[in-house]
Amino acid sequence: MTGKTLQTDSEGRLKHFLTTEGLSQSLLNSILDHAENFAGVADRPVKKVPLLRGKTVVNLFFEASTRTRTTFELAAKRLSADVLNLNIAHSATSKGETLSDTLRTLEAMHCDMFIVRHANSGAAHYITTQVAPHISVINAGDGRHAHPTQAMLDMFTIRKYKGDFTPLRVAIVGDILHSRVARSEIHALNTLGVSEVRVVGPDTLIPKDVESLGVHVYNDMTEGLTDVDVVMMLRLQRERMTGALLPSAHEFFNRYGLTAKRLAAAKKDAIVMHPGPINRGVEIESSIADSKRSVILQQVSHGIAVRMAVMAMTMQRFNDEGDS
Amino acid sequence: MTNSKLDFGAILKQMATELTERIADYEADEILMIGIRTGGLWVASKLHKLMKLDSPLGELNISFYRDDFSTLGLHPEVQPSQLPVDITDKHILLVDDVLYTGRTIRAAMNEIFDYGRPASVSLAVLIDRNERELPISADVIGKSITLKPGEHAKLSGPEPLALDITKTG
């Protein structure tokens, strides 16, 4: 069974969220619609609803992360769930416990959901096959494979600013090769029916088979940005780079950094996005990151609403099934 | 089977009169009417018009507060809550279509108190089924009915309002 079929139940409802690949347009839209409702919770004096009261959510992070982990934690808390943060890199596995024993131990604590971040592609999928049937797994980033909640919060942000997906031209710029965010975004954008997805970067940072995902490749930044509605910058993942893929960060900025001059090639109302953390002066000019066209901080807020939506949707299925 | 004998025009007028009496001592800007989506909002918007209230009408979607989320799930098609003003120190007129177990009203009050601390909450319902399971009662009741076992009542609307009584089993 692949991640694509594993994540929905027989009625097509979300059971786990592992990848945006293979999910229907209506399911992606339903995540965005739910997120719209949850976004309002942040504007209230009491930023909390009792939907997941009594549920326990485990942040299972095998790889360092601040932004993703804290927004998942906040999302779970705003749904009134209890949250456990496990930094596995520093605990059980270093004492020699196997992954499946760690999972058994957590199940014995009556947890309901695992949020998994791991350096290896396919880790969340593997864990999904190992856990008890009542547990939902949400992929918070696995190797170079997928980061579906990041992709959906980006889709939510695009929909907020642009409304309809169909006329949009979107450029994803930078280190496509190491980016799980880029892969999840490409699948989501194509499923939601945008007019064109471009990837822009040096050949060394673009996967060989990327055209088969339905994108156009550009090596020249200005050409790649011409007439686009959305510019999605990626972080240069230097910690994942092995070998001489890049001469230097400075050289990268000279050719692929987002500057005011290059952004002028895009449409006048184009928005600039970045999943964070941003490297100023490497991927993006400081003044652009702080400009009105940048929606980088809105992306973070939207991340909480989207994660609330996904958590509530996956929990809903189990309750629903248990009662019938 | 539809119970079409109810004259909702007259019932709503009577409710509006009773509610107007209740709020006679309050200033116009101290009053906030809130309708519970979806049926309660239909009733509320009619009462709001009949009573010529100045303050905007609030809308409550209680689906994040239900005690039966586990069986009913989420409904993204229901619009989110919208309370147009700060509710602190307001006299709230909470409006629903059918008062049955009282669980909806409990959820609505939980949600209202997450928005602030109102001065008071009064409850107006178009139909009272007299089968509540919680210590909650309405201050203004349009029509009180008693159903036979297995019968269900549902308001359809908004134009015209009609009470549909169906039998299961």
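Mentor: The model is predicted, so local features need pLDDT of at least 70 and side-chain atom pairs pLDDT 80 or more, while totals for chains, interfaces and linings use all residues. Residues are numbered from 1 along each chain as its sequence is written, chains are lettered from A and ligands numbered from 1 in the order in which they are written, and side-chain values use heavy atoms, without hydrogens and water.

Trainee: What makes a space a pocket, and what a cavity?

Mentor: Both are found on a 1 Å grid over the protein atoms alone. In a cavity a 1.4 Å probe fits but cannot get out. A pocket is an open set with protein on both sides within 12 Å along at least five of seven lines. Lining residues have an atom within 4 Å of a point.

Trainee: What is the volume of the largest pocket?

Mentor: About 900 Å³. A volume is the space filled by probe spheres set on the points, which are joined across faces, edges and corners. The lining has 34 residues, with Arg37(B), Arg66(B), Asp97(B), Thr104(B) and Lys154(B) nearest the centre. In chain B, helix H2 (39-50), strand E4 (91-99), helix H4 (103-115) and strand E7 (151-156) each give two or more residues. H4(B) gives the largest share, five residues. Helices (H or I, at least four residues) and strands (E, at least two) are DSSP runs, numbered from the N terminus.

Trainee: How do the residues of that lining divide?

Mentor: Into 13 nonpolar, 11 polar and 10 charged. Ala, Val, Leu, Ile, Met, Phe, Trp, Tyr, Cys and Pro count as nonpolar; Asp, Glu, Lys and Arg as charged; the others, Gly among them, as polar.

Trainee: Why is Arg37(B) called partly exposed?

Mentor: Buried means under 20% relative accessible area, exposed over 50%, partly exposed in between (1.4 Å probe, protein chains only). Arg37(B) has 22% relative accessibility, so it counts as partly exposed. Arg37(B) sits in the loop between strand E2 (31-36) and H2 of chain B.

Trainee: How do you know where the second largest pocket lies?

Mentor: Domain 1 (3-147 + 301-323) and domain 2 (148-297) of chain A both give residues to its lining, so the second largest pocket lies between them. Domain bounds come from an automatic or database domain assignment. This pocket holds about 400 Å³. Its lining counts 20 residues, and among the closest to the centre are Arg117(A) and Gly276(A).

Trainee: How many cavities of 30 Å³ or more are there?

Mentor: One. The largest cavity holds about 80 Å³. Its lining includes Arg67(A), His274(A) and Arg307(A). H12(A) gives the largest share, five residues.

Trainee: How do you know that the length of H1(B) agrees with its residue count?

Mentor: The expected span is 1.5 Å times one less than the number of residues. H1(B), residues 8-22, has 15 residues and should span 21 Å; its end C-alpha atoms are 21 Å apart, so the two agree.

Trainee: Why are the buried residues of H1(B) said to line one face?

Mentor: They are Phe8(B), Ile11(B), Leu12(B), Met15(B), Ala16(B) and Leu19(B). Seen down the axis, these residues fall within an arc of 135°, so they line one face of H1(B). The arc is that of the directions from the helix axis to the C-beta atoms. Lys13(B) and Glu21(B), on the other side of H1(B), are exposed.
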